[in-house]
Amino acid sequence: MPESSGRPIAPASGKLGVLCVGLGAVASTFIAGVELARRGKAKPFGSLTQLATIRLGKRTEQRAPLIKDFVPLASLEDLVFGAWDPIPDNGYQAALKCGVLDPHEHVHVIRDFLEGIAPMPAVFDQHYVKRLQGTNVKRGESKRELAEALRKDIRDFRAKTGCDRMVVVWCASTEIFIAPGPEHESLAAFEKAMDANHPGIAPSMLYAWASLMEGVPFANGAPNLTVDVQALVELAGRRKVAIGGKDFKTGQTMVKTVLSPMFKARMLGVSGWYSTNILGNRDGEVLDDPESFKTKEESKLGVLEYILQPKVYPELYGNLYHKVRINYYPPRGDNKEGWDNIDIFGWCGYPMQIKVDFLCRDSILAAPLVLDLALFFDLAQRAGFSGVQEWLSFYFKSPQVAPGLYPEHDLFIQHTKLKNTLRYLMGEEQITHLGVEYYEYGKE
Ligand SMILES: NC(=O)c1ccc[n+]([C@@H]2O[C@H](COP(=O)([O-])OP(=O)(O)OC[C@H]3O[C@@H](n4cnc5c(N)ncnc54)[C@H](O)[C@@H]3O)[C@@H](O)[C@H]2O)c1
């Protein structure tokens, strides 16, 4: 039985506009997949919001509705899509060029729909993404002016499509590494830096600022700093808007955040973890630039440190050698191969090895995450959850958290946290897995 009435949540009535920054492999695969699902031509595998159930109450109650029947989410039918991209290809051209979906089975059949998604001119500066050139770009004297133009795009999109609510998801290229500086420390400093065209204010931050100013939640699927700075956290708080990131947790890091908790749970040591990837899509090409790779590397490296806690377990993890490489290899296209060699040790220090060879499809793994994030950020906003949405860490390699907190990286802790947050929202009991009540000793 519900333990309280939950939180008031505004209904998911009307249309939800999903604006993707970037209309490349991930965004076009996501948008096409939703349309294919709507037309009954493909299944949304990989999406919790569409397929997963949630257990409610005791195990004896046998209550496990679909998440989408339990919480009030926007339905796929109510989604409307838009995008920005410096490359002028529409959704159809982008999907064909990215080569993720089969042209005959999954692209031509929705050509009319995909052609209707023409990218709005982007705020783009090659300084931040070295390996990319684009012509569909906004011009402006200052970063503030460009950000104001993005605000206008959001308002115009809302007016044109009649959307009731919107979310923005960064599905664009990884920008160069930027360390947080004084210009990010407060909203006042940030806005001053926008006016002064400060190099610390990357295009992604302008999109985030514009979204928040328009009261639109912003989720960051790349490892860029973007909304993970005090200034934008402050703005999200003031405008009461949901934010979160960073970097979709899809392939190798998803595997890493499942295997490493296993080693720690069993108190097995790890002496080395070598991860390498080959991929040949545009993301791979962008990440071939050392400055963009550094941003990705930071995001990928952090997880083991937090999960394995070498300071708490120096004998087990104190000397761990961790290396991550990404190699651009055009023949593979979007079909990434991620290898992991893990050197572990057990009882009396005897060494063992685990090899993982994950032949994955990058955008096929990322697309359902974009869908879930769009639907859950919209839910968060309607439930009055503003600021950082840590409960959605499940979707991110480098989850944004409140100051002073360390991020939870373990995939199943994140999964439990997500589901418990849904239970909390709906006034259902938290599931602790204690379970003494099923046994005699729990009945005194
Ligand atoms: N696919 C995955 O598994 C995965 C996992 C984690 C993170 N990511 C990240 O998601 C992002 C998208 O990946 P992808 O494979 O679709 O890459 P992609 O190169 O196919 O698409 C990115 C698009 O963003 C556009 N873009 C670049 N700068 C922009 C700007 N300032 N404004 C608007 N558009 C801009 C590019 O022109 C390009 O079309 C990348 O940053 C990638 O690192 C992907």
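**View 1. Residues of the shell around the ligand.** In this predicted model, the residues of the shell around the ligand divide into 17 nonpolar, eight polar and seven charged, where Ala, Val, Leu, Ile, Met, Phe, Trp, Tyr, Cys and Pro count as nonpolar, Asp, Glu, Lys and Arg as charged, and the others, Gly among them, as polar. The shell has 32 residues, the closest being V26, D85, A172, T250 and R282; a residue belongs to it if one of its heavy atoms lies within 4 Å of the ligand.

View 2. A polar contact is a pair of N or O atoms within 3.5 Å. A polar side-chain atom of D85 lies 2.6 Å from an oxygen atom of the ligand, while an N or O atom in the side chain of T250 is 2.8 Å from a ligand oxygen atom. For Y207, an N or O atom in the side chain is 2.9 Å from a nitrogen atom of the ligand.

**View 3. An open sheet of four strands.** Strands, which are DSSP runs of E with at least two residues, follow the order β7-β6-β8-β9 with mixed pairing; two strands pair if DSSP finds at least two bridges between them. Because β7 (321-328) and β9 (351-359) stand at the edges with a single partner strand each, one side of each is left without a neighbour in the sheet. Strand β8 (residues 337-345) runs antiparallel to β9, joined by nine bridges, and I342 has I354 in β9 as its bridge partner.

**Notes.** Residues are numbered from 1 along each chain as its sequence is written. Local features need pLDDT of at least 70 and side-chain atom pairs count only at pLDDT 80 or more, whereas totals for chains, interfaces and linings use all residues, and side-chain values use heavy atoms, leaving out hydrogens and water.

Key: A polar contact is a pair of N or O atoms within 3.5 Å; within protein, one must be able to donate a hydrogen and the other to accept it, and residues adjacent in sequence count only if both atoms are side-chain atoms.
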